Amino acid sequence: MTGYAQLKKTLLRGLFLFFISMIVFSGLQASPSEEGKPISGKLFGLFFEDINYAADGGLYAEMVQNRSFEYSPTEQPGWNPLAFWEYIDPGFSIGRIHVQTNEPIHPNNPTYIVLDVEVVGNYPQHEGESGVGLKNHGFGGMVVREGENYHFSLFGRLLSDQPVNLRVSLEDPEGELISEESFQIHSKDWEKYETSLTAIASHDSAYVQVLIQSPGELALDMISLFPENTFKNRKNGLRADLAQVLADMKPRFLRFPGGCLVHGDGLGNMYRWKNTVGPVEERKAQRNIWGYHQTGGFGFFEFIQFSEDLGAIPIPILPAAVSCQNSGGTHVIGGAGQKALCLLDMEEYIQDIFDLIEWANGPETSKWGAVRAQAGRSEPFGLTYIGIGNEDKKTPEFIERFTMIYNAVKEKHPEIEIIGSSGPFSEGEDFEKGWELANRLGLSVVDEHYYQQTDWYIANQNRYDGYDRKASSVYLGEYASWGNTLYNAIVEAAYMTSLERNGDLVIMASYAPLLAKRDFNQWSTNLIYFDNVNIVPTPNYYVQKMFMTNQGDYYHEGVVALASDDVLVAASVTTDGQKGDVILKLVNLHETPREMPVDLSRFSGLVDRAVLTVLAGEPTAENTFNQPVKITPVQSEMHINKTFTYQAPPMSLSILRIGRNK
Ligand code: AHR
């Protein structure tokens with residue numbers, strides 16, 4: 001070989017090696033030798049339902065309870081338009097209050113109050129405190145913090161001739177002033193009046209008080225108080241601390257609005273998205289299926305906005321034109337059980353779904369795109385998924401209506417992926433029929449739901465291994481083991497490694513329910529407990545968070561050598577498609593440590609240390625309001641070699657995340 005040929009060969013070889021090392025070490029792409037199975041990049045996300053006071057009184061930051069005077073005895077015995085309001089007339093003032101429904105702000109919001117003030121007394125107990133008005137303690141006391149601003153608003157309509165003076169104040173339970181502002185109601189038409197209240201002290205049980213301080217007659221509605229500091233400072237926004245706990249999970253999708261809340265307690269109670277968009281005073285509140293009041297304030301706009309704020313794909317679920325099969329007794333018009341919408345109403349119902357797609361994705365010049373734009377969002381949201389139905393009983397009526405909806409939406413909007421459902425259980429008649437329907441229609445995704453004991457999850461870790469890859473993908477939309485102990489959480493972790501292994505088929509999975517308010521819990525197990533002040537993430541939360549913040553795009557077989565007959569150990573290994581990080585999830589359900597041999601030799605250019613996150617402890621341990629951080633993950637750094645043996649602690653989930661050399 002001539003010197004020139006030799007040089008050319010060396011250069012070409014160098015160039016070849018350079019490109020290979022670029023591919024291997026850049027971390028942008030896995031080398032062929034380490035190529036894994038592509039899996040869903042949106043596997044783990046959140047399920048949100050207004051159960052357990054998750055929305056009103058929970059995540060939705062409105063501090064006033066029954067702000068629009070729409071509470072009614074059909075929601076809970078004893079509730080009425082004045083529930084959670086206290087009529088007051090300090091300083092020996094004289095007046096009266098009554099409830100009205102003629103000429104409301106909007107027909108969707110029919111009830112309001114009228115205050116007549118005859119005498120404003122001159123014997124104030126506290127300076128400024130005389131007049132006729134109302135007090136509201138919110139959802140068990142309002143949490144205010146010194147130096148923070150609170151946005152107060154109400155709708156007023158003057159019924160007498162002279163403008164009336166109105167004073168609004170925040171006070172602690174002893175009546176000590178936390179903040180006050182005054183303004184005049186001057187218009188004979190409904191008008192919105194707003195002011196900002198700055199707290200000069202902190203309190204967990206404050207109340208808001210509205211006092212009319214000059215004689216006159218006045219209609220009031222939509223009396224509202226929000227912290228200015230909502231999550232991402234959104235107007236009509238969400239409780240910042242609670243939303244942050246969800247944001248910390250980095251969910252890849254957000255399902256909304258449920259759950260059984262979707263198909264509702266009888267036909268008239270189905271969740272209709274149009275009732276939840278537009279100005280809040282024009283939204284239609286209703287009793288939700290869980291037996292309390294749903295303002296619709298946290299509606300479709302806020303849900304998609306929150307999804308974007310989380311970096312999550314919005315997954316709205318709409319009723320399949322049938323009500324929940326568990327619809328209740330006498331209070332439900334039409335009686336108990338699943339009820340189907342009249343076929344004559346289906347065209348209008350399907351149009352509502354088309355309108356939702358236009359509202360979310362249409363230009364601002366379109367009819368429904370304009371409604372979105374008026375709410376402050378001119379750019380389309382880019383909705384890609386819609387679920388039709390929530391674990392419905394697969395009756396002929398359901399099947400007929402689902403098919404009509406599916407065919408119509410597919411024809412007009414082939415770009416939208418429709419999610420079908422397979423009933424409330426992991427098997428059985430509805431499950432079979434749901435899948436039969438999915439196969440017949442060629443659905444792209446089926447929503448499975450199951451709540452089971454821990455033993456079931458341990459025994460069914462191979463559930464999806466044998467599913468037909470040519471049929472629909474799976475969205476495991478609701479699942480949980482019955483309990484919030486560490487043991488429950490670690491069992492779920494073991495099961496989740498099987499979801500990753502099957503991440504080519506299972507494209508999304510969400511634990512349910514998400515939130516439960518202290519003293520208002522309606523479900524045995526939940527991911528996060530909270531009250532007005534405290535937040536208690538369960539061990540199950542930490543498992544979900546650890547999986548969500550460590551999602552991969554490729555699954556790799558055979559990296560961790562586990563005894564195939566030991567169902568109490570589990571592992572999954574994935575790589576992140578962007579950074580190339582290798583992510584090991586190692587689960588030990590034994591009450592003693594287990595050795596887990598790891599062979600990383602197929603992965604090139606790995607750094608020699610891993611970020612190790614471990615969740616471990618006593619199997620029966622739980623987080624409680626008294627001990628909210630008994631079980632939390634611990635992070636450290638660990639030196640690693642190409643091959644090593646990991647000592648998995650008893651009852652643990654360990655995640656090792658290994659980066660690549662730059
Ligand atoms: O997650 C709680 C409930 O469980 C949901 O509303 C329902 O879909 C399921 O049965």
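Predicted model: local features only at pLDDT ≥ 70, side-chain atom pairs only at ≥ 80, totals over all residues.
Local features were taken at pLDDT of at least 70 and side-chain atom pairs only at pLDDT 80 or more, whereas totals for chains, interfaces and linings use all residues. Residues are numbered from 1 along each chain as its sequence is written, and side-chain values use heavy atoms, with hydrogens and water left out.

Asp-221 is located in strand 13, which spans residues 216-227; helices (H or I, at least four residues) and strands (E, at least two) are DSSP runs numbered from the N terminus. Beyond the neighbours within four places in sequence, the contacts of Asp-221 (heavy atoms within 4.5 Å) include Arg-67, Asn-109, Tyr-112, Phe-155 and Trp-190.

The side chains of His-263 and Asp-392 form a polar contact at 2.7 Å. Such a contact is a pair of N or O atoms within 3.5 Å; within protein, one must be able to donate a hydrogen and the other to accept it, and residues adjacent in sequence count only if both atoms are side-chain atoms. Among the residues touched by His-263, not counting those up to four places away in sequence, are Met-270, Pro-319, Cys-324 and Asn-390.

Arg-463 occupies the loop between helix 9 (454-459) and strand 21 (473-481).

Helix 7 (residues 396-412) packs against helix 8 (residues 429-441) at an angle of about 30°, with the axes 12 Å apart. Axes are lines fitted to C-alpha atoms, for helices over the stretch in contact, and angles run from 0 to 180 degrees between N-to-C directions. Helix 7 is therefore roughly parallel to helix 8 (angles under 35 degrees; over 145 is roughly antiparallel, 65 to 115 roughly perpendicular and the rest oblique). Residues of helix 7 including Phe-398, Phe-402 and Tyr-406 meet Leu-437, Arg-440 and Leu-441 of helix 8.
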